[in-house]
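Please walk me through this structure, one part at a time.

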Amino acid sequence: MISDLWILATASLVAISCSMVGVFLVLRRMSLLGDAISHSVLLGIVLAYLIAGSRSVVAMMIGATLIGLLTAWLSNALHRVSKLQTDASIGIVFTWFFALGVILISIYAGQVDLDQECVLYGEIAFVPFDTIIWGEQDLGPRALWIIGGVFIVNLILILLAFERFKLVAFHPALALSLGVSVSFWHYLLMTMVSLTTVASFDAVGAILVVALLVIPASSAYLLASSLRSMLWFAAGYAQAAVLLGYALAVWLDSSIAASIAVMAGVLLIVTVLVLQWQKQRHGIKVKATVLDDTFH
Amino acid sequence: MVFMSTFLKKSSLIGLLCLVGWQSSVVAKPVNVVVTTGMIGDLVLNIGQKNVEMTALMGVGVDPHLYKATHGDLRRLQKADVIFYNGLHLEGKMQDVFEKLSRRKPVYAVTQDIDEQQLHRYGKAHDPHVWFDVALWYAAGQLVLEKLIQHDPQNETIYRHNAAQYLKQLSKLDDWVEQQVSQIPKQQRVLITAHDAFGYFGTAYDMEVRGLQGISTATEFGLHDIKALKELILARKIKAVFVESSVPKRFLGALVAGVNEVGRPLKIGGELYSDAMGLSGTPEGTYIGMVKHNVNVIVRALR
């Protein structure tokens with residue numbers, strides 16, 4: 001049925017976009033940035049509501065995107081300026097934003113049903129119903145267009161600047177000495193992360209986005225021997241999780257997003273077990289190199 | 001030729017049989033109605049009875065704020081002939097989905113015809129919990145009746161008959177609630193619950209309503225709110241506060257402990273149904289049963 005195709009297409013694009021930026025987050029030990037953004041967007045939607053006076057999708061998306069960007073940028077800046085660990089910096093920024101959002105709600109909007117769960121997070125099962133109508137023409141689901149646009153931007157940036165991203169991710173010192181602006185590329189990456197997460201929240205809800213940012217990239221990390229192969233493996237794992245998860249959701253009549261996240265986890269566990277089993281059987285380290293500074 | 005004519009006769013006979021079969025299947029086939037909350041489902045079942053097949057997306061005891069769609073819900077909405085939802089943002093972001101869907105199939109918010117003046121407004125948003133004013137729910141019932149007739153005009157008389165009987169029960173219920181609540185002394189007629197679901201109830205039956213939480217179950221209450229409530233309880237000699245079936249009980253525990261500390265007896269008066277009805281098959285599993293339960297609990301504890 002056509003609606004199943006729309007759902008699968010949306011889920012696939014979300015999965016591939018998230019796993020692509022997820023690879024860089026995992027390598028930079030910032031994988032919970034997505035989780036952080038899922039909380040801090042509360043401040044964005046409260047501000048958007050107070051300024052625009054409505055809970056329309058457009059206002060909520062703009063507010064969430066801006067605060068998402070700010071969360072990523074500020075976490076990064078705090079880490080660089082104060083030399084705090086990345087995880088601590090993320091933890092400081094997002095809890096502070098979330099708390100600010102809670103206070104603003106109790107002052108200005110205590111009687112309004114305003115939280116990210118009900119105004120921002122989408123439900124992937126209903127993606128086929130929320131279509132863009134242009135004149136008489138039905139152009140397909142809105143969420144698919146948004147996440148499709150984000151996917152193309154991500155893809156182009158990674159293809160064009162692959163070497164730069166690699167250099168900055170693994171050899172920041174070398175990059176600096178070559179005159180490459182490390183902070184420019186970091187902030188660009190942070191921008192991609194927050195755009196991808198907010199667009200994905202709108203399409204499929206929070207839990208799946210957080211899962212897809214971390215799990216496929218981690219599975220890929222276990223197998224890959226280069227950045228390029230890690231990106232391919234991550235995309236493959238993400239796609240497999242979408243197909244298996246969708247089948248699970250149809251079979252159990254359960255939430256599609258949760259089923260995909262569960263299957264992503266199952267694939268990771270299977271990968272770990274297979275690697276362990278091979279290690280014991282052959283008595284060798286299957287993956288000798290670990291993606292780190294020594295790796296090209 | 002003979003063969004040909006018998007064949008024609010046969011086929012026309014078969015065609016006729018098919019036509020009869022098809023027509024009778026149209027008549028017998030119930031209208032497939034999908035609703036969001038159990039309360040709306042109850043309205044639809046009482047008015048549609050055997051002529052509708054009703055599915056409620058939000059199960060028993062599910063807080064609409066926490067509802068998660070399953071894969072099957074997509075199919076249920078696609079196969080539905082008519083869809084009813086509450087509106088006023090009770091369903092959150094799903095409301096956008098329903099508004100979009102209404103361009104393609106009959107989708108109605110049961111609150112869509114309620115006069116703006118009768119709605120509680122908070123800034124630009126409305127309080128969605130209209131069902132606790134039985135008169136407003138009566139209006140929702142009239143909308144369900146009108147739309148069912150519009151969709152299935154053949155059974156208009158049946159729907160009208162069912163609705164007349166059910167709506168009569170709702171009017172009686174409305175009078176009964178008013179009469180019951182009036183038994184509580186005016187001074188102590190304050191309903192304190194964990195979340196603000198009883199605003200319409202308060203307006204309709206002349207009862208002051210205070211909630212610890214805001215409309216959204218995600219809002220957290222401030223220290224100031226607890227202190228103000230404690231002072232109100234002491235000043236007005238209120239005997240009980242109430243917990244709700246879809247909101248955790250511990251929220252009110254602090255308040256009760258605080259008042260008892262001062263040496264005034266305050267009890268938890270019982271559990272009220274707010275955003276969802278009770279188990280199906282029990283009296284509280286129907287709208288009327290739910291309202292009666294709530295009113296009995298409130299009146300017994302505060303009188």
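This is a predicted model: local features need pLDDT of at least 70, side-chain atom pairs count only at pLDDT 80 or more; totals for chains, interfaces and linings use all residues.

Start with chain B. It is divided into domain 1, residues 28-173, and domain 2, residues 179-302. Taken over C-alpha atoms, the centres of domain 1 and domain 2 of chain B are 26 Å apart. The two domains touch. Domain 1 of chain B brings 22 residues to the contact, and domain 2 of chain B brings 21 residues.

Look at the domain 1 side of that contact. Three helices of chain B each supply at least two residues there: H2 (38-48), H5 (134-151) and H6 (156-181). H2(B) gives the most, with four residues. By class, this side of domain 1 of chain B has twelve nonpolar, six polar and four charged residues.

Now turn to a sheet in chain B. Four strands form an open sheet in the order S2-S1-S3-S4, and their pairing is parallel. Strand S2 (52-56) and strand S4 (107-109) of chain B each have a single partner strand, so they stand at the edges, and one side of each is left without a neighbour in the sheet. On average, neighbouring strands of this sheet are turned by 20 degrees against each other, direction ignored.

Take one pair from this sheet. Strand S1 (residues 31-35) and strand S3 (residues 82-85) of chain B run in the parallel sense and are joined over three bridges. Here Val34(B) stands opposite Ile83(B) in S3(B).

Two loop residues of chain B deserve a stop. Gln49(B) lies in the loop between H2 and S2 of chain B. Its phi is near 45 degrees, a positive value in a residue other than glycine.

Asp206(B) is not a glycine either, yet its phi is positive, at about 55 degrees. With 12 other C-beta atoms within 10 Å, Asp206(B) is exposed.

Next comes the contact between the chains. In it, 29 residues of chain B meet 32 residues of chain A. On the chain B side, the elements that give two or more residues are helix H3 (71-79) and helix H4 (94-101). The residues of this side of chain B divide into nine nonpolar, twelve polar and eight charged.

Finish in chain A, with a pair of helices. Two packed helices are described by the angle between their axes and the distance between the axes. Helix H2 (residues 33-52) and helix H9 (residues 182-204) of chain A pack at an angle of about 60 degrees, and their axes are 10 Å apart. The crossing of H2(A) and H9(A) is right-handed. H2(A) contributes residues including Leu33(A), Ile37(A) and Val41(A), which meet a set in H9(A) that includes Val193(A), Val198(A) and Phe201(A). The residues of this contact of H2(A) with H9(A) are six nonpolar, four polar and no charged.

Chain A also has a hairpin. S1(A) and S2(A) form it, with two residues between them. Strand S1 (residues 131-134) and strand S2 (residues 137-141) of chain A run antiparallel, and three bridges join them. Ile133(A) stands opposite Asp138(A) in S2(A). In the turn, Gly135(A) has a positive phi of about 60 degrees.

Definitions and conventions. Residues are numbered from 1 along each chain as its sequence is written. Chains are lettered from A and ligands numbered from 1 in the order in which they are written. Domain bounds come from an automatic or database domain assignment. Two residues are in contact if their C-beta atoms, placed from the backbone, lie within 7 Å. Ala, Val, Leu, Ile, Met, Phe, Trp, Tyr, Cys and Pro count as nonpolar, Asp, Glu, Lys and Arg as charged, and the others, Gly among them, as polar. Two strands pair if DSSP finds at least two bridges between them. Axes are lines fitted to C-alpha atoms, for helices over the stretch in contact, and angles run from 0 to 180 degrees between N-to-C directions. A crossing is left-handed if the near helix is turned anticlockwise from the far one by less than a right angle, and right-handed if clockwise. A residue is buried if 20 or more other C-beta atoms lie within 10 Å of its own, exposed if 12 or fewer, and partly exposed in between; C-beta atoms are placed from the backbone.
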